[in-house]
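Hello,

Here is the structure for your files. My notes on what turned up follow below it.

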Amino acid sequence: MAANGGTKAIVAALTANLTIAVLKFVAYALTLSSSMLAEAIHSVADSSNQILLLVGGKRAKKAASPEHPFGYGRERYIYAFIVSIVLFSVGGLFALYEAWGKLQDPHPIEGGFWWVPIAVLVGAIIAEGFSLRTAIIESNHVRGKQGWVKFIRTAKQPELPVILLEDFGALVGLVFALFGVSLTLITGDGIWDALGTAMIGLLLVAIAAVLAVETKSLLLGESANKDDVAKIRAALEDGGCSIIHLKTLHLGPEELLVAAKISIDKSDSGQDIARGIDDAEKRIRDAVPIARVIYLEPDVQRVNNTSTP
């Protein structure tokens, strides 16, 4: 569900951004508005990012190999991190550079095509609104009762938070561009166009920073969420296992590694231990289906057990 929903949201955003990018470039060519150029580059950056997310999703499906025995699930995290870099450099820094240039030499929007940027921006706001709506619908399938901020911070699937932030940033950026272009047309002072461009740049840099922090955490390796950890503990304890310690790690958005040391009775035979471990693994997978890799180590419970995890 999460992977398919993420792909659907990516495709919707990519379609919208490619169309909008062309229209913004046309508007810039006709009016030389720096806000329109910044927004056009923003759409190009977003389109590139969505292609990167699709590539990452495809590469993550590669089968495990001797060199990568745990598979390629983290490819999705790597490509999501690259997205933050592209958004920062291509989108944010370019917009700030363009704003600085316009501030040095502000000029009004002239000619008979003054209405084109307004029409393009209003149309883009409508298109981005539909794209954001798709991302929200798909995110609601997996976020449960979490608030939006918590969902973005804790989601293990990087695609939906990335698309949500990109689409939200695109909508706000379009409002900034509309602000700059409208005031430039009203006052005849190009300084407003430059300020709108600068606001777009600062917005994109801020969003890129948030994405970088969150995807960095996923790349370093995050444990399962609290609900899944509780289910794993319950699955082990329901079979009479006493947990000495338990650790989990996401190998990818839909693949979890579980490692636990469990206590056994001194009188248990090797056959009893093997059967108990097999049963425990089955209970864990039934409780948390994404627990694909499970390592259970039997040990004798001791007072103040200090065995190395």
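Leaving aside neighbours within four places in sequence, Glu75 is in contact with Gly56, Arg59 and Ala60. Contact means heavy atoms within 4.5 Å. Glu75 lies in helix α3 (residues 75–104). Glu75 is buried, at a relative accessible area of 11%. The scale: buried is under 20% relative accessible area, exposed over 50%, partly exposed in between (1.4 Å probe, protein chains only). Helices here are DSSP runs (H or I, at least four residues), numbered from the N terminus.

Some ground rules. This is a predicted model: local features need pLDDT of at least 70, side-chain atom pairs count only at pLDDT 80 or more, and totals for chains, interfaces and linings use all residues. Residues are numbered from 1 along each chain as its sequence is written, and side-chain values use heavy atoms, with hydrogens and water left out.

Next, aromatic pairs. A search of the whole structure finds 2. Rings of Phe, Tyr and Trp (its six-membered ring) pair if their centres lie within 6.5 Å; planes under 30 degrees apart are stacked, over 60 edge-to-face, the rest tilted.

Trp148 and Phe151 have ring centres 6.2 Å apart and planes at 85°, so the pair is edge-to-face. Both lie in helix α5 (residues 148–154), 3 residues apart, about one turn of the helix. Trp148 is partly exposed at 32% relative accessibility. Phe151 is buried at 3%.

Phe179 and Trp192 also form an edge-to-face pair, at 5.9 Å centre to centre and 90° between the planes. Phe179 lies in helix α6 (residues 159–187) and Trp192 in helix α7, so the pair ties together parts 13 residues apart in sequence. Phe179 is partly exposed at 35%. Trp192 is partly exposed at 28%.

Now charges over rings. The test is NZ of Lys or CZ of Arg within 6 Å of the ring centre and within 35 degrees of the ring normal. Arg143 lies over the face of Trp148, at 3.8 Å from the ring centre. Lys62 lies over the face of Tyr72, at 4.3 Å.

Last, helix packing. Helix α2 (residues 34–59) and helix α7 (residues 191–220) pack at about 25°, with axes 7 Å apart. Axes are lines fitted to C-alpha atoms over the stretch in contact, and angles run from 0 to 180 degrees between N-to-C directions. α2 and α7 are therefore roughly parallel (under 35 degrees; over 145 is roughly antiparallel, 65 to 115 roughly perpendicular, the rest oblique). Ser34, Ser35, Ala38, Glu39 and His42 of α2 meet Asp193, Ala194, Gly196, Thr197, Ile200 and Leu204 of α7.

Best wishes

Notes. Helices (H or I, at least four residues) and strands (E, at least two) are DSSP runs, numbered from the N terminus.
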